[in-house]
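Trainee: I would like to go through this model with you, one piece at a time. Could we begin with its overall make-up and then turn to the details?

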Amino acid sequence: GNRFFLPSFSSLCDQNFIHRNSPLISSTLKRMENPKNSPDPSSPPPPRSTSSSGLPFSKSKCAICLDEIRQEDGKAIFTAECSHSFHFGCITSNVKHGNRICPLCRTEWKQVPLFVNDRVVPAPTFPVQTGFEDDEPLPHGVAVSQPSGVAAEHQALEIKLLPQVSAVEKSVARVDFAVLVHLKAAEGASDDRPATRAPLDLIAVLDVSGSMEGTKLHLLKNAVAFVIDNLGETDRLSVIAFSSGARRLFPLRLMSERGKREAIQAVNSLVAGGGTNIAEGLKIGARVIEDRRWKNPVSGMMLLSDGQDNFTLSRSHSHSLVRPRADYQCLIPSSRIPIHTFGFGADHDAELMHTISQVSSGTFSFIETETVIRDAFAQCIGGLLSVVALDQVVEIECLHEEGLKISSIKAGSYRSRVSSDGRTAKIDVGDMYAEEERDFLVILEIPRCEDESMPLVKIRCVYKDAVSREIVRVESGELSIQRPEQLTGEEVVSVEVDRQLNRFLVSEAMSEARVLADGGDLEGAVGILRNRERELAETQSARARDGLCLSLSSELGALQERMTSRRMYERSGRAYAFSSMSSHSAQRATAREPVCGSAAPQAYQTPSMARMVSRSQELGIKSPKPSPARRDRS
């Protein structure tokens with residue numbers, strides 16, 4: 001017939017190539033332009049095919065526009081590798097945003113066109129990489145990054161225990177008595193106080209799909225260059241770029257002067273184009289971690305994307321249709337390094353990015369204003385470059401022998417478990433940055449008591465020192481409360497405990513509101529947030545102008561503003577909610593507005609994070625030429 005097979009889309013992208021190098025294609029195009037080549041009306045009807053839905057479909061029709069495929073129309077016809085044919089103009093429009101699934105048989109095409117400035121260009125081919133056992137060796141005998149002549153010294157973790165109230169009457173039993181476990185890590189390195197720090201293996205997984213073209217890509221390169229510039233000689237970096245596929249730009253490489261120079265050159269060579277295959281980028285990043293021959297004490301991954309993964313089916317919030325999502329958890333490195341994700345702009349998949357960070361003990365940051373991407377990266381590496389404790393576990397033991405039990409642990413995103421008899425419990429805290437704090441609430445069942453005082457719990461923390469790599473054990477003293485016959489005066493709740501109760505209640509309210517908003521009930525979602533904001537203002541810690549409570553109140557107001565319309569919620573509300581929930585459940589700073597970059601207090605930001613953000617802001621913003629305005633698709 002007059003149809004022709006093309007080996008790839010790239011040949012269709014260059015008409016000069018077609019006419020110069022393929023006489024068969026050239027003659028076929030000429031025959032298509034000649035109406036004398038119309039098919040004989042008396043010929044039998046073309047065969048019919050079956051679509052992916054099981055319904056019959058005529059092979060003489062384009063499954064996209066539903067018009068007849070006729071050679072006399074003068075339109076180029078593309079026959080895919082699955083043997084189904086379409087108008088070339090229709091198929092290029094269909095795959096412009098990365099869709100490479102045949103609408104008839106659901107075959108995944110291996111050859112798809114790439115668009116730059118709305119023009120078709122040959123799609124990039126990513127080389128097949130079979131192994132990543134080529135990481136640069138660590139310097140012989142160097143375990144830590146430290147100034148010469150400075151001896152490593154150990155500082156213990158600080159532990160405090162605080163009861164909800166200091167006294168409970170003898171005749172009263174409580175089933176919800178809260179005990180606060182407060183941890184604070186030791187100080188780390190600073191500009192005016194040199195100290196040792198643990199070196200880092202960092203994997204950066206970057207979205208370079210077509211939507212990143214222009215200003216976004218320029219700002220991303222600038223942010224990655226800042227990260228590279230602030231890594232030390234014993235830190236190592238590997239960068240993975242993904243669009244329709246994924247590739248590693250370079251192996252884990254020491255950030256010496258030469259390493260930094262070559263890394264920046266590789267990042268600056270990136271161009272945007274193609275679809276968004278987050279799963280493939282994550283898979284390559286995980287392999288770099290798993291296959292490395294040497295390991296620095298601290299490891300981390302930074303994953304940035306501005307779009308939806310259009311190569312992996314996922315749930316759509318705007319439709320009732322629920323499609324299967326890939327099991328991204330199976331792509332997380334088995335070594336369980338934290339993956340800190342960054343949603344860039346209004347069109348990213350906030351739920352997916354939050355899920356990836358949550359299952360890996362990382363954080364999710366929402367970069368709503370594109371120009372603050374460098375500050376967001378700076379805050380992240382400010383933490384990663386200041387890790388002082390690794391693999392920390394908190395062990396809790398009940399002391400009073402009769403009736404005292406642990407009923408539950410409020411630990412946010414940290415895994416906790418209570419023994420079957422309720423007498424002991426453990427919390428997996430993981431890594432802690434210098435001067436970082438963690439607060440957990442242990443909920444106790446307190447029985448009646450005839451004694452004047454009652455011992456409640458004691459705590460032991462076990463962790464690995466990130467610098468010396470020694471196992472460290474730190475124990476608290478015993479926590480007791482008074483058991484008088486009768487209380488004199490009003491019961492006073494600890495401000496510290498009240499603050500943490502507020503944090504958990506606000507986080508729960510955000511989660512409930514997000515679920516309602518996703519279901520279309522914005523009014524109900526705003527009602528939950530408004531009620532929680534009103535109740536928060538009446539608490540003891542809020543009346544004391546506590547910094548965390550001020551931050552919580554600010555975020556509740558900001559989230560209500562982002563739920564005033566469906567359009568506003570889709571563009572920023574959902575991502576803001578997930579980023580706030582990530583921050584409060586992990587008790588770690590994440591980038592989001594208006595808290596980040598405004599007068600509102602920044603919750604959980606450590607001194608090392610703040611110094612790195614200040615360093616980024618001091619550089620200023622080099623304003624790139626703005627990219628052409630994009631049509632609002634919301």
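Trainee: How many helices and strands does the secondary structure of the protein come to?

Mentor: This is a predicted model, in which local features need pLDDT of at least 70 and side-chain atom pairs count only at pLDDT 80 or more, while totals for chains, interfaces and linings use all residues. Residues are numbered from 1 along each chain as its sequence is written, and side-chain values use heavy atoms, with hydrogens and water left out. Helices (H or I, at least four residues) and strands (E, at least two) are DSSP runs, numbered from the N terminus. Counted in this way, the protein has 15 helices and 22 strands.

Trainee: What percentage of the residues of the protein count as buried?

Mentor: Buried means under 20% relative accessible area, exposed means over 50%, and partly exposed lies in between, with a 1.4 Å probe and protein chains only. Of the 634 residues of the protein, the buried ones make up 51%.

Trainee: In what order do the six strands of the open sheet stand, and which stand at the edges?

Mentor: Strands of a sheet pair through backbone hydrogen bonds, either parallel or antiparallel, and two strands count as paired here if DSSP finds at least two bridges between them. The open sheet has mixed pairing and the order 11-10-9-12-13-14. Each edge strand has a single partner strand, so one side of it is left without a neighbour in the sheet, and these edge strands are strand 11 (246-254) and strand 14 (364-367).

Trainee: Which strands does strand 12 run parallel to, and by how many bridges is it joined to each?

Mentor: On one pairing, Ile-203 stands opposite Met-301 in strand 12, and on the other, Ser-305 stands opposite Gly-343 in strand 13. Strand 12 runs parallel to strand 9 (residues 200-207), with seven bridges, and parallel to strand 13, with five bridges.

Trainee: How many of the residues of strand 12 are buried?

Mentor: Both faces of strand 12 (residues 298-305) are covered, with Val-298, Gly-300, Met-302 and Leu-304 buried on one side and Ser-299, Met-301, Leu-303 and Ser-305 buried on the other. The number of buried residues in strand 12 is therefore eight of eight.

Trainee: Why is helix 13 described as roughly antiparallel to helix 14?

Mentor: Two packed helices are described by the angle between their axes and the distance between the axes. Axes are lines fitted to C-alpha atoms, for helices over the stretch in contact, and angles run from 0 to 180 degrees between N-to-C directions; those under 35 degrees count as roughly parallel, over 145 as roughly antiparallel, 65 to 115 as roughly perpendicular and the rest as oblique. Helix 13 (residues 547-561) and helix 14 (residues 566-586) have axes 9 Å apart and pack at an angle of about 160°. That angle makes the pair roughly antiparallel.

Trainee: Asp-391 and Gln-587 each have a positive phi of about 55°; which is buried and which is exposed?

Mentor: Neither residue is a glycine. Asp-391 is placed in strand 15 (residues 387-398), whereas Gln-587 lies in the loop between helix 14 and helix 15 (607-619). With a relative accessible area of 2%, Gln-587 is buried, whereas the residue that is exposed, at 51%, is Asp-391.
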